[in-house]
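The following report looks at the surroundings of a ligand and then at the aromatic side chains.

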Amino acid sequence: MDRIEKLCSYLKPCSTFADVGCDHGYCARYMLENSLCGRAIISDVSAKCLAKAERLLDRYVKNGKCVPVCCAGLEKIDPETELVLIAGMGGEEIISILDSAYIPRNFVLQPMRNVREVREYLLDKGAEITRDDLFSSGGKFYFVISGAREGNKNAYTPAQLEYGKGDIHGDLGLFLEEELKKNRGYLQRNLSAESRAAVAERIKFIEGVLSGENE
Ligand SMILES: C[S@@+](CC[C@H](N)C(=O)[O-])C[C@H]1O[C@@H](n2cnc3c(N)ncnc32)[C@H](O)[C@@H]1O
């Protein structure tokens, strides 16, 4: 299964769906083809990227089920949109999008990096995180954070803030084993004393998470 297919499996049926930073438009296509949304808004800051999605979804654009919007982040997206996907961008970009607009009613976020910062931001803003795990595709791991603007407050341990709440006996365990290997590899390099200490600290932390000692 490729990244898009796995990512789409996190999307729930809704009345209105917006794919912010849609690029190709594959996620909106998944929602529309599977009748999972009444209407899909495809948006991108790049007119060129949006045009790609418009071409892919031409028949839905023509029948009004898909609405293209060229804008930065959530700028022109109705805050009442039931479900918003923001995927394939850096965590810092996702935070900036949310911070300059609002936290969507329901969201699925797939940051490519700085995932801890995204979790911290959401928790700080009082959003509820309902699912926080990862999947692997093409030899890479992708974290996905699903949640809602309002809801129950979440408790996160330092390890969960760093790595989410995935299955330690599944993809999360595999991800951490790879992180361990990568960091042990760094120690073979000619590092400054400061970097070496930081890498050693990270290895200890990951080993603790894997053994259940660091929760
Ligand atoms: C790497 S693509 C990811 C596409 C798709 N979401 C996915 O996960 O496969 C990132 C897309 O986000 C768009 N983008 C980046 N920053 C944006 C922003 N602030 N607002 C809207 N779109 C943005 C880019 O133009 C690009 O089309």
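This is a predicted model: local features need pLDDT of at least 70, side-chain atom pairs count only at pLDDT 80 or more; totals for chains, interfaces and linings use all residues.

A polar contact is taken here as a pair of N or O atoms within 3.5 Å.

| Residue | Protein atom | Ligand atom | Distance |
|---|---|---|---|
| H24 | side-chain N or O | oxygen | 2.9 Å |
| A87 | polar backbone atom | nitrogen | 2.9 Å |

Taken alone, the ligand exposes 600 Å², of which the protein buries 80%. The ligand has 17 residues around it, and R3, G21, D44, G73 and E93 are those that come nearest. By residue class, this shell holds eight nonpolar, five polar and four charged residues. Helix 1 (3-8), strand 4 (83-89) and helix 5 (91-99) each supply at least two of its residues, and strand 4 gives the largest share, with three residues.

Turning to the aromatic side chains, a search of the whole structure finds six aromatic pairs. In the pair of Y10 and F135, the ring centres are 6.1 Å apart and the planes stand at 40°, so the pair is tilted. Because Y10 lies in the loop between helix 1 and strand 1 (14-20) while F135 belongs to strand 6 (residues 128-137), the pair ties together parts that are 125 residues apart in sequence. Y10 counts as buried at 7% relative accessibility, and F135 is buried with a relative accessible area of 4%.

Elsewhere, F141, F143, Y163, F175 and F205 form one aromatic cluster, and the charged end of R119 sits over the ring of F143, 5.3 Å from its centre. K165 lies over the face of Y156, at 4.1 Å from the ring centre.

Key
Residues are numbered from 1 along each chain as its sequence is written. Side-chain values use heavy atoms; hydrogens and water are left out. A residue is near a molecule or strand if one of its heavy atoms lies within 4 Å of it. A polar contact is a pair of N or O atoms within 3.5 Å; within protein, one must be able to donate a hydrogen and the other to accept it, and residues adjacent in sequence count only if both atoms are side-chain atoms. Accessible areas come from the Shrake-Rupley method with a 1.4 Å probe; for residues, only the protein chains shown count as cover. Helices (H or I, at least four residues) and strands (E, at least two) are DSSP runs, numbered from the N terminus. Ala, Val, Leu, Ile, Met, Phe, Trp, Tyr, Cys and Pro count as nonpolar, Asp, Glu, Lys and Arg as charged, and the others, Gly among them, as polar. Rings of Phe, Tyr and Trp (its six-membered ring) pair if their centres lie within 6.5 Å; planes under 30 degrees apart count as stacked, over 60 as edge-to-face and the rest as tilted. Buried means under 20% relative accessible area, exposed over 50%, partly exposed in between (1.4 Å probe, protein chains only). A charge sits over a ring if NZ of Lys or CZ of Arg is within 6 Å of the ring centre and within 35 degrees of the ring normal.
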